[in-house]
Amino acid sequence: MQNYSDCPQVVRDFLTYHETIKGQSPRTISEYHLDLRMFFRFMKLMRDEMPVHTRLEDISIKNIDLDFIKSITTSDIYDFLSYLASDRTPDPDALHPEYGISPAARARKLSALKSFFKYLTVRTKQLEENPVADFEYPKLRKSLPKYLSLEESAALLQAVSGQNQKRDYAILMLFLNCGIRRSELVGLNITDVYEDRIRVVGKGNKERIVYFGTACRKAIDAYLEERKKIVLTDNRALFGSRNGNRITVTAVHRLVKKAFLQAGLDATQFSAHKLRHTAATMMLSGGVDVKTVQEVLGHENLNTTQIYTHIESTELRIAAEANPLSKLDFSEDEE
């Protein structure tokens, strides 16, 4: 058996079982190893107070034990799958990295998780509950994700507070009004913001223009006044972190979770990616055509957008103002 000393004992036992008892191929064992290592690195990054610039590849998982594994919930699995779909990049050092991995690659990682937790619950009985038991591959992309109601969205925006209030408020407004991905948000530069729209670089380095409403413009303007006083290592960046670097996907994840807690919402049920789904749902409920929403979200296939609903046609520029969240404005409460 290969050396998997970079993994905790419970994972090594699982790999040994599949190699010696199940007789699976070295390639399959190697894939299990890589997939589980990535998952636990992600979990460590989300759970531990690591520096926001920490790379997933630099995280050690040797100290993960059974108690840590028992604490993993279905919501954690959804967050990981969301990260794979929207923010994972095979080559983060590339000049123009592509974000999001293929459905087939995500299915493989889900298969590794299902095998691992089945081993712990059925074979060795070290766990009583299996957090991936109800995950079904065919329904993974078709099931409608959780999203916030208008009232919950308003509560989330009103609850924003703290040292980075204007920054966090502007970030939430962009998520809720424009439906951009986390990786797209962290890639925004100051020069990508125009009078009533932003230029977004999405998957495959494809550019698109996304319009926003007056309330979102006001939130961005308030933050830009503050941004003028900040110097970052990459001073092109629209959003920065407290360490002076461009904000990271991990930092965005944390600030969104913090906002949910401040609003009294269940932070285990929602994430930054759920705000993207919220924006799409609000646009469609406001009368925006599904093809327009496809363009706004940057979906390559219309089928991806059609998981929400089918609504009658409108124009692209109407999409931002048709979103009910475009009318919400709590900027006066920020002062």
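A: Lys125 is exposed in this predicted model, because its relative accessible area is 64% and exposed means over 50%. The residue sits in the loop between helix 5 and helix 6. Helix 5 covers residues 103–123 and helix 6 covers residues 150–158. The backbone at Lys125 has a positive phi of about 55°, although the residue is not a glycine. Lys125 also belongs to a patch of positive charge on the surface, where it gathers with Lys22, Lys118 and Arg123.

A positive phi also turns up at Gly179, where the value is near 65°. Gly179 follows helix 7. That helix runs over residues 165–178, which is 14 residues, and reaches 19 Å from its first C-alpha to its last. The span is close to the 20 Å expected at 1.5 Å a residue.

In general, side chains of opposite charge can pair when their charged atoms come close. The structure holds 19 salt bridges. One of them joins the side chains of Arg108 and Asp35, with N and O 2.6 Å apart. This pair links distant parts of the chain, since Arg108 is in helix 5 and Asp35 is in helix 2 (residues 26–47), 73 residues apart. The two partners can be described by their accessibility. Asp35 is buried, with a relative accessible area of 2%, whereas Arg108 is partly exposed at 32%.

Another salt bridge is formed by Glu184 and Arg208, whose closest N and O atoms are 2.9 Å apart. Glu184 lies in helix 8 (residues 182–186) and Arg208 lies in strand 2 (residues 207–211), so the pair ties together parts that are 24 residues apart in sequence. Glu184 is buried, with a relative accessible area of 3%. Arg208 counts as buried too, at 11% relative accessibility, because the limit for buried is under 20%.

Arg217 counts as buried at 17% relative accessibility, while Asp221 is partly exposed, with a relative accessible area of 35%. Elsewhere, salt bridges that share partners join Arg27, Glu31, Asp35, Arg108 and Lys109 into one network. The pair of Arg108 and Asp35, described above, is a salt bridge between members of that network.

Last, there is a contact to look at that is described by C-alpha atoms. Ile77 lies in helix 4 (residues 74–86) and is buried, with a relative accessible area of 0%. The C-alpha atoms of Ile77 and Val132 are separated by 7.3 Å, although the two residues are 55 residues apart along the chain.

Notes. Residues are numbered from 1 along each chain as its sequence is written. This is a predicted model: local features need pLDDT of at least 70, side-chain atom pairs count only at pLDDT 80 or more; totals for chains, interfaces and linings use all residues. Side-chain values use heavy atoms; hydrogens and water are left out. Patches are made of residues with over 30% relative accessible area and no salt bridge: like charges are joined within 9 Å, nonpolar side chains (Val, Leu, Ile, Met, Phe, Trp, Tyr) within 5 Å. Accessible areas come from the Shrake-Rupley method with a 1.4 Å probe; for residues, only the protein chains shown count as cover. A salt bridge is a side-chain nitrogen of Lys or Arg within 4 Å of a carboxyl oxygen of Asp or Glu. Lys and Arg count as positive and Asp and Glu as negative; His and the chain ends are not counted. The place of a charge is taken as NZ of Lys, CZ of Arg, CG of Asp or CD of Glu. Helices (H or I, at least four residues) and strands (E, at least two) are DSSP runs, numbered from the N terminus. The expected span of a helix is 1.5 Å times one less than its number of residues. Buried means under 20% relative accessible area, exposed over 50%, partly exposed in between (1.4 Å probe, protein chains only).
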